[in-house]
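Some labels in a structure description rest on cut-offs. The questions below ask what stands behind each label.

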Amino acid sequence: MSSPLDPGFTFRDYESRDFEDLVTLDGECFEPDVAYSKSEMRRFLSFATRVVTVAESGGRIAGFCIGYLAPGRAAHVITLDVRSGSRRTGLGRALLERTVARLTRAGAHETLLEVDVKNTNAIGFYERLGFRRRREIPDYYGPGKPGLEMARTEGK
């Protein structure tokens with residue numbers, strides 16, 4: 001169970017000046033073959049329906065969450081990144097919930113995300129937040145590296 005959220009975190013929308021910090025943090029959070037490239041990150045941030053929640057602590061980005069409203073009114077979480085020193089503080093939950101709430105207000109009825117099938121900690125985290133396992137996606141993270149699609153119904 002997460003500890004109470006540190007009151008030192010402030011939340012805000014993404015600003016273009018954050019771009020390099022987001023790419024760097026994503027590279028710190030994920031393996032090189034999983035972390036998003038600058039061009040992939042730029043593409044996600046250009047989506048018309050994208051929502052990005054950024055958390056700062058001490059003037060430094062502590063984490064962020066990117067999602068978008070997909071066709072069919074499903075929210076899709078692209079990434080949830082939390083700096084190693086800010087993990088297990090409740091920040092990941094706060095970032096995810098703030099992002100999903102904004103997407104739900106925009107019309108999402110369901111939220112989807114993908115996670116590595118071997119990442120049992122992340123799967124457990126998402127399950128505690130009401131996500132359920134939907135299906136395995138072969139080769140999602142590369143050859144022989146399946147992903148797990150998880151979903152949560154919103155607004156009920």
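Q: Why does E110 count as buried rather than exposed?
A: Buried means under 20% relative accessible area, exposed means over 50%, and partly exposed lies in between (1.4 Å probe, protein chains only). E110 has 19% relative accessibility, so E110 counts as buried.

Q: What are the ground rules for these values?
A: This is a predicted model, in which local features need pLDDT of at least 70 and side-chain atom pairs count only at pLDDT 80 or more, while totals for chains, interfaces and linings use all residues. Residues are numbered from 1 along each chain as its sequence is written, and side-chain values use heavy atoms, with hydrogens and water left out.

Q: What makes R132 and E110 a salt bridge?
A: The term asks for a side-chain nitrogen of Lys or Arg within 4 Å of a carboxyl oxygen of Asp or Glu. The closest N and O atoms of R132 and E110 are 3.9 Å apart, and the pair forms a salt bridge. R132 lies in strand β6 and E110 in strand β5, so the pair ties together parts that are 22 residues apart in sequence. Strands (E, at least two residues) and helices (H or I, at least four) are DSSP runs, numbered from the N terminus.

Q: Why is R132 called partly exposed?
A: R132 has 41% relative accessibility, so R132 counts as partly exposed.

Q: How do you know that E20 and K38 form a salt bridge, and what does the pair tie together?
A: Their side chains meet at 3.1 Å, N to O. E20 is in helix α1 (residues 19-29) and K38 in helix α2 (residues 38-45), so the bridge links parts that are 18 residues apart in sequence. E20 counts as partly exposed because its relative accessibility is 39%; K38 is partly exposed at 39%.

Q: Which label do R152 and E154 get, buried or exposed?
A: R152 has 10% relative accessibility, so R152 counts as buried. E154, at 11%, counts as buried. The two form a salt bridge, with the closest N and O atoms 2.9 Å apart.

Q: What makes β1 and β6 edge strands?
A: Two strands pair if DSSP finds at least two bridges between them. The open sheet has 7 strands in the order β1-β2-β3-β4-β5-β7-β6, with mixed pairing. β1 (10-13) and β6 (132-137) each pair on one side only.

Q: How do you know that β4 and β5 pair?
A: Strand β4 (residues 74-82) is joined to strand β5 (residues 110-116) by 3 bridges, and the two run parallel. A75 stands opposite T111 in β5.
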